[in-house]
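Work through the exercises below with the sequence and the 3D structure at hand. Each task is followed by its solution.

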Amino acid sequence: MNKRILVIDDDEAIRKSFLLALEDTSYRVDAVESGEKGIEKVTDTGYDLVFLDLKMPGLNGVQTLKRLREMDAKVPVYIVTAFHKEFFKDLKLLSEDDIAFDLLRKPIGSDEIVLLTESILRKEQ
Amino acid sequence: MIELGEIKLKNRDSVIEARNKIHTLARDLGFDSITAARLASVSSEIMRKMSYTGKDSHPGIMIALDQAKETDGLALKLKYVSSRLGSPGGLGVPAALFDDVTISGPGESVTYIEALKMLPDPGFRLTKDFLARERELVGRLTREELYRELAVSYEKLQSQSMQMVQTEKLRTLGTMAAGIAHELNNPMMGILNYVQYCRKHTAADDRRGPVLTDAEKEIRRCIYIVDNLLTFSRTEKVDRKWQERANFASIIDRILRLLSYKISADQVSIIKKYAENIPDIPGDENKMEQVFLNLIKNALDALKPGDRKEIHLEAQTKGNFLAVTVADTGSGIKPGDLTKIFDPFFTTKEAGMGTGLGLSVVSSIIREHGGKITCESEPGQGTAFKVLLPLSSGEEVNLK
């Protein structure tokens, strides 16, 4: 079965970047524009990898991750960020609480997206 | 107030001179009677002298009146403050303040303050601190020393206020730069991926292919600039203990290998003078490499054809710090530009040759590591950048 990837980002340019980069791969990619919609998606469908934005209206990345972890403790979550200082403290608290995530620094190109995705999902197999 | 003691008026060949141990306070002062009107006229003369800004500005007051008559037994008992107030025009407007003064002689008795009150607002204020410092100075120093001390204090004040302005300017710019950089990151990621997508789906023989490759190169250039802006925007020292250690000599070797083509093509001599056993620097090796790569690249750019082309790299330990000098024998920096070189976007390079971010990034990284960078330059002779980096994590160069 094809692996599923979810992109949660309020910026269309970022959502499209992931969709275009992963278009020719075997992965099924969904992209939503808010933390709330991301939670809904995860509730309905299981995902193998989540790319998550930090700064979003409504639920921000940190809050979304907390909710995600309540539903799925294992799915790899990559926080795609340009390093917003205001979230550093929260992120630190998350790691202290053993809430797993990885950081991915914006901007990233399609080759890196594909490489990274393949390496994570291969590892997960 | 400073009490300089009683000031005697002496009668000397019809010239009356008022002196104390430091200043001649008044000369050619002839009193036949002391009237309020006369005092007002003396005071206005004092005020005029106050605004005297000549090079030989006198801290005392010279008062000349039209009549010089022999007078006996006149005494000025006054508390006298001499000072030089900073003025926009430069060092030293001599200023004086007579306070609590009584001039008595034959005729009326009027306090000096009363006389001063008859005049328009003198337009200056002496602060308590200033007076306290003045008191200390006058007690301790001769007049020449006083001048020197004041000149040094004034220069110090000027340089401190310039530093404050500079720090504030950088902080504002840093906040702005960080805001812009963050806002640009998303659209840049979009453009990068759109261009890469188009290139991927362009046939190998399509002439639009190379153009898309160029477009990708340019957007990567934007990403690089924005990344530098984010580095620059971190104006505060990061409160962290560096786990990593960077080896200075190997960093420099890597940079020199990287620049080897330009170094040999331009026939530049690299002269290394390292002290023995230089300890590793606590910090991020990549960032340290960025610092010295920028400094050495700038040094290379400053070397002009025909000149003696040398770059001197010196390193030694100074107490708890590593002191590094990167000096060139190039064109030097104009004195007026020297204060701006660490400002973001300041560049003297031709359009398209530099972003003007190199040195501001260098200085941010050094600050982040608790260090300090300074620059000395002589136009036509060359430039030397001096870097101080703490050798133990958590240490910091006292920047005051």
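This is a predicted model: local features need pLDDT of at least 70, side-chain atom pairs count only at pLDDT 80 or more; totals for chains, interfaces and linings use all residues.

**Exercise 1.** Find how many bridges join E8(B) to strand E10 of chain B.

Solution. Strand E8 (residues 269-274) of chain B and E10(B) (residues 310-318) run parallel and are joined by six bridges. Strands (E, at least two residues) and helices (H or I, at least four) are DSSP runs, numbered from the N terminus, and two strands pair if DSSP finds at least two bridges between them. Opposite Ile271(B) stands His312(B) in E10(B).

Residues are numbered from 1 along each chain as its sequence is written, and chains are lettered from A and ligands numbered from 1 in the order in which they are written.

**Exercise 2.** Determine why strand E1 of chain A is largely enclosed by the rest of the structure, and trace its pairing with E2(A).

Solution. Four of the five residues of E1(A) (residues 4-8) are buried, so the strand is largely enclosed. E1(A) pairs with E2(A) (residues 28-32) in the parallel sense over five bridges. Ile8(A) faces Val32(A) of E2(A) across this pairing.

**Exercise 3.** Identify the bridge partner of Ile5(A) in E3(A).

Solution. E1(A) and E3(A) (residues 49-53) run parallel, joined by four bridges. The partner of Ile5(A) is Leu49(A).

Terms used. A residue is buried if 20 or more other C-beta atoms lie within 10 Å of its own, exposed if 12 or fewer, and partly exposed in between; C-beta atoms are placed from the backbone.
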